[in-house]
Amino acid sequence: MYKKVLLAADGSENSVRAAEHAMAMVEHEQDSHMDIIFAVDGDKSKSDVLKYGDSNVINSKRKAKLAPIETKLKEKNISYDIHIKHGDPGPAIVKFANEGSYQCVIIGSRGLNQVQTMVLGSVSHKVAKRVQCPVMIVK
């Protein structure tokens, strides 16, 4: 279906579900590749530094959150790269997606109700509005 897909993931249950859909979209395509972006906001980054202190430990903890997704990708023999970016997740994902030549961006939905979405906004909504390729939001 697609050869080059971007998956926005943070290790949550919703992002694991999104990863399963992303894998289904690329697993039967020859020469397919999936990039995974994990966007870390400033507050989380600061708290990680205060909690762990060592950047190597912080990076390994972040990659550990993506381990279930990485395991499934290896099992299915799907080519992938992981990119950890810093900044507000919505704009960071949009910038990364628009700089790449992706055929589709896949992201999990956090499940906010309409009032929460209106007040807080949602990363998936921001991505869907601003990315220049098709976006799949997985509930």
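Predicted model: local features only at pLDDT ≥ 70, side-chain atom pairs only at ≥ 80, totals over all residues.
Local features need pLDDT of at least 70 and side-chain atom pairs count only at pLDDT 80 or more, whereas totals for chains, interfaces and linings use all residues. Residues are numbered from 1 along each chain as its sequence is written, and side-chain values use heavy atoms, with hydrogens and water left out.

**View 1. Helix α5 crosses helix α7.** Here you can follow α5 (residues 89-99) and α7 (residues 123-130), whose axes come within 8 Å and cross at roughly 30°. Axes are lines fitted to C-alpha atoms over the stretch in contact, with angles running from 0 to 180 degrees between N-to-C directions. Helices are DSSP runs (H or I, at least four residues), numbered from the N terminus. On the α5 side, Pro89, Gly90, Ile93, Val94 and Asn98 meet Val123, Lys126, Val127 and Arg130 of α7; contact means heavy atoms within 4.5 Å. The residues of this contact divide into 5 nonpolar, 2 polar and 2 charged.

**View 2. Arg62 is a buried residue of helix α3.** That helix spans residues 55-65. Arg62 has a relative accessible area of 5%, and buried means under 20% (1.4 Å probe, protein chains only). Look also for Asp10: its C-alpha atom is 8.3 Å from that of Arg62, although the two are 52 residues apart along the chain.

View 3. A disulfide is a pair of cysteine sulfur atoms within 2.5 Å, and the count comes to 0. Cys104 is buried at 2% relative accessibility, and Cys133 is buried at 16%.

Definitions and conventions. Helix = DSSP H or I, 4+ residues; strand = E, 2+ residues; numbered from the N terminus. Nonpolar A, V, L, I, M, F, W, Y, C, P; charged D, E, K, R; others polar. Buried < 20%, exposed > 50% of the residue type's maximum accessible area, 1.4 Å probe, protein only.
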